[in-house]
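Me: I would like to go through this model by asking what lies behind each label. Please set the values against the cut-offs and then conclude.

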Amino acid sequence: MISNFEFAQNHTYWEQRDLTDEKRDWEEKGENWIQDYILSVNHPHRDVILKGLQTFGEIESVLEIGCNTGPNLKRIHEAYPNLRLAGIDVNSMTIKEAKKQVPTASFYVADVTRDLRLFEDKSFDIILTDAVLIYVGMNEIRNVINEIDRIARSGVMLLEWGHHNTEPGLVIDYHWARNYSNIFLKKGFHCLTYKINEKEWPSSKTWKRNGYLYCAYRQAS
């Protein structure tokens, strides 16, 4: 729905979000929205991420872009305690909490659209995003995808909103959706797509409508 374009949230919303924001993103409620993210560690969509990670075989490292307080990385660490884990988020308060939640991981305050040059080429086996690229507009997504491709050694796992007719992006329900399968196929990856269902995101009709897990596997050269 192009008419929603001007209302789409972007990544600067997260950079500027403070504890006075009354919007709550999860059914689990703490003292504020940051505490809600900590309490969301067992949300069922995180099981989808863990299952997707299994499909990449033997890996040594994962970088999550837009990690918030680290609930995905905490679950990954519990399942794979020997993996080297790292996360970035644009909000300094969430990174402060992430360091407490997963003290063995490395965390950085960084913007997905500006700061991925922090990481060297092919420096992580898997790059993960979870509801992050839905905030990245069509003028920035190409560079972000190029950077993800540059950093990922083995593959990419995106839990984002999908739309089979567009690669630059289309705003649906106030967030960006696009065809990540085609995007990564053109970069030489083999891609699998899984549709998120109501059981995996029971509290959100929009995620049931729009949510997909994209697993992109780098092909041997």
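**Labels and the values behind them**

Reply: Let us begin with Tyr 174, which is partly exposed, with a relative accessible area of 42%. The model is a predicted one, and Tyr 174 is found in the loop between β6 (170-172) and β7 (175-177).

Me: Why is Tyr 174 called partly exposed?

Reply: Buried requires under 20% relative accessible area and exposed requires over 50%, with partly exposed in between. Because the relative accessible area of Tyr 174 is 42%, Tyr 174 is partly exposed.

Me: What makes the phi of Tyr 174 worth a remark?

Reply: Its phi is near 70 degrees, a positive value in a residue other than glycine. Most residues other than glycine have a negative phi. Ala 131 also has a positive phi, of about 55 degrees, and is not a glycine; Ala 131 sits in the loop between β4 (124-130) and α6 (141-151), and at 22% relative accessibility it counts as partly exposed.

Me: How do you know that Ser 61 is buried, and what surrounds Ser 61?

Reply: The cut-off for buried is under 20%, and Ser 61 has 1% relative accessibility, so Ser 61 counts as buried. Ser 61 belongs to strand β1 (residues 61-65). Leaving aside residues up to four places away in sequence, Ser 61 touches Leu 83, Arg 84, Ser 123, Phe 124, Asp 125, Ile 126 and Arg 153.

Me: What makes the approach of the Ser 61 side chain to the backbone nitrogen of Asp 125 a polar contact?

Reply: A polar contact needs a pair of N or O atoms within 3.5 Å, and the backbone nitrogen of Asp 125 lies 2.9 Å from a polar atom of the Ser 61 side chain. At the start of helix α5 there is another example, where a side-chain oxygen of Asn 91 reaches to within 2.9 Å of the backbone nitrogen of Met 93.

Me: Why are the buried residues of α5 said to be on the same side of the helix?

Reply: In α5 (residues 92-101), the buried residues are Thr 94, Ile 95, Glu 97 and Ala 98. They cover an arc of only 165 degrees around the axis, which puts them on the same side of α5. On the other side of α5, Lys 96 and Lys 100 are exposed. The elements that cover the buried residues of α5 include α2 (33-39), β2 (84-89) and β3 (106-109).

Me: What makes β3 and β8 the edges of the sheet?

Reply: The open sheet has 7 strands in the order β3-β2-β1-β4-β5-β9-β8, with mixed pairing. β3 and β8 each have a single partner strand, so one side of each is left without a neighbour in the sheet. Neighbouring strands of this sheet are turned by 15 degrees against each other on average, direction ignored.

Me: What makes β9 a mostly covered strand?

Reply: In β9 (residues 211-218), 6 of the 8 residues are buried. Helix α6 lies across β9 as well as β1, β4, β5 and β8, running at about 140 degrees to β5.

Key. Residues are numbered from 1 along each chain as its sequence is written. This is a predicted model: local features need pLDDT of at least 70, side-chain atom pairs count only at pLDDT 80 or more; totals for chains, interfaces and linings use all residues. Side-chain values use heavy atoms; hydrogens and water are left out. Buried means under 20% relative accessible area, exposed over 50%, partly exposed in between (1.4 Å probe, protein chains only). Helices (H or I, at least four residues) and strands (E, at least two) are DSSP runs, numbered from the N terminus. The arc is that of the directions from the helix axis to the C-beta atoms. Contact means heavy atoms within 4.5 Å. A polar contact is a pair of N or O atoms within 3.5 Å; within protein, one must be able to donate a hydrogen and the other to accept it, and residues adjacent in sequence count only if both atoms are side-chain atoms. Two strands pair if DSSP finds at least two bridges between them. Axes are lines fitted to C-alpha atoms, for helices over the stretch in contact, and angles run from 0 to 180 degrees between N-to-C directions.
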